[in-house]
Amino acid sequence: MTFISKTMFNWRRSQLSHLAVFVMLALNVQARPANISALKDKHPNNSKEDNEILPPDHLNGVKMEMDGHLNKDFHQEVFLGKEMEEFEEDSEPRRNRKKLIEIFTKVDFNKDRSVSAKEMQRWIMEKTEEHFQEAVRENKLSFRAVDPDQDGHVTWDEYRVKFLASKGFNEKEVAEKIKNNEELKLDEETQEVLESLKDRWFQADNPPADQLLNEEEFLSFLHPEHSKGMLRYMVKEIVRDLDQDGDGKLTLAEFISLPMGTVENQQAQDIDDDWVRERKKEFEEVIDANHDTIVTMEELEEYMDPMNEYNALNEAKQMIAVADENQNHNLELEEILKYSEYFTGSKLMDYARNVHEEF
């Protein structure tokens with residue numbers, strides 16, 4: 001059983017909006033953290049470099065999270081790329097409008113003042129590549145942190161020492177105990193995370209397996225979307241955690257089933273209902289490619305592959321459909337500004353004012 005499956009009852013909590021999280025905390029809901037990076041908060045004085053040696057729970061530009069949740073920010077990630085941080089909720093609306101107009105002119109490759117599905121597909125692929133390159137840059141720093149002797153490879157024991165040191169353990173003591181094959185006295189949560197990381201580590205070790213990871217393999221360890229093999233491993237983990245009858249496939253009922261727990265109030269019930277509706281829609285309209293009511297590992301892998309051009313085209317069509325008020329299957333500037341919250345997460349006031357003058 002994976003670490004994720006042992007903590008399935010936390011699913012809804014990790015999926016709730018900020019408001020709902022606040023409500024649930026006020027109700028004193030107690031639960032064990034469900035994701036590997038939850039341990040990061042146990043030692044707030046850890047450096048950013050320490051935290052970056054852990055695989056992230058969230059992968060930019062990937063449709064599904066490591067724990068099987070849908071990526072709520074996916075549309076914005078593949079539309080904005082590395083510019084996501086520039087569209088903060090409290091940023092100045094006029095500045096955001098100007099920035100969005102600039103983006104529109106770039107997406108509009110043929111300069112006909114409208115964006116087609118093909119143009120949006122091209123743009124999505126470019127933005128996804130930006131996320132990929134950012135991950136490569138971050139990986140160089142992370143690899144350097146776990147490869148202090150700079151010999152170009154890292155053993156599992158070397159990584160284990162750095163991981164435990166980042167959790168507050170004495171690095172020299174841990175290294176000595178591991179060297180002498182002495183037992184490490186770890187709390188249950190840390191031990192579970194370490195076991196999950198070990199499985200992932202050996203999956204990232206490309207054949208011929210030598211139990212060492214080079215920089216490229218370490219990138220796959222941290223970011224499975226960079227490797228077909230690791231993406232497949234991630235899919236298997238997700239399916240195993242959701243697959244209730246053990247047939248290696250997912251039914252709609254399995255995909256939308258709520259985690260264990262009780263509904264505290266009507267607001268929580270409404271959030272549960274939204275969660276089910278969203279997953280049902282994604283399962284039936286997108287993930288289940290052949291519409292046979294069953295999702296195979298192959299279908300889920302295709303769905304999660306961020307560099308799948310067919311997926312990018314489908315995503316482009318979906319994004320256009322959201323804002324295509326005149327139903328011409330293209331996006332005009334006025335439409336993208338009006339639906340700015342969908343594309344950027346930032347709502348623009350007076351979106352249409354002076355649009356033509358600024359454009």
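**A tour from the inside out**

The second largest cavity is lined by 15 residues, and Gly 61, Phe 74, Asp 305, Pro 306 and Asn 311 are those nearest its centre. The elements that each give two or more residues to this lining are α4 (74-80), α6 (117-146), α14 and α15, with α15 giving the most, three residues. A cavity here is a set of points on a 1 Å grid over the protein atoms alone where a 1.4 Å probe fits but cannot get out, and lining residues have an atom within 4 Å of a point. Helices (H or I, at least four residues) and strands (E, at least two) are DSSP runs, numbered from the N terminus.

Before going further, please note that this is a predicted model, in which local features need pLDDT of at least 70 and side-chain atom pairs count only at pLDDT 80 or more, while totals for chains, interfaces and linings use all residues. Residues are numbered from 1 along each chain as its sequence is written, and side-chain values use heavy atoms, with hydrogens and water left out.

Back to our cavity: its volume is about 110 Å³, where a volume is the space filled by probe spheres set on the grid points, which are joined across faces, edges and corners. The structure holds three cavities of 30 Å³ or more.

Now turn to the second largest pocket, a pocket being an open set of points with protein on both sides within 12 Å along at least five of seven lines. About 230 Å³ of space lies there. Its lining has 15 residues, and Val 286, Ala 289, Tyr 310, Asn 311 and Asn 314 lie nearest the centre. Helices α13 (266-287), α14 (297-304) and α15 (309-323) each supply at least two residues to the pocket lining, and α15 gives the most, with four.

Helix α14 is also where you will find Glu 301. Why does Glu 301 count as buried? Its relative accessible area is 13%, and buried means under 20% (1.4 Å probe, protein chains only). Leaving aside residues up to four places away in sequence, Glu 301 touches Lys 228, Leu 231, Arg 232 and Val 235; contact means heavy atoms within 4.5 Å.

Finally, step back to the whole chain. Its secondary structure comes to 18 helices and four strands, and 47% of its 359 residues count as buried. Of the contacts with a separation of 6 or more, 62% are between residues 24 or more positions apart.

Terms used
Buried < 20%, exposed > 50% of the residue type's maximum accessible area, 1.4 Å probe, protein only.
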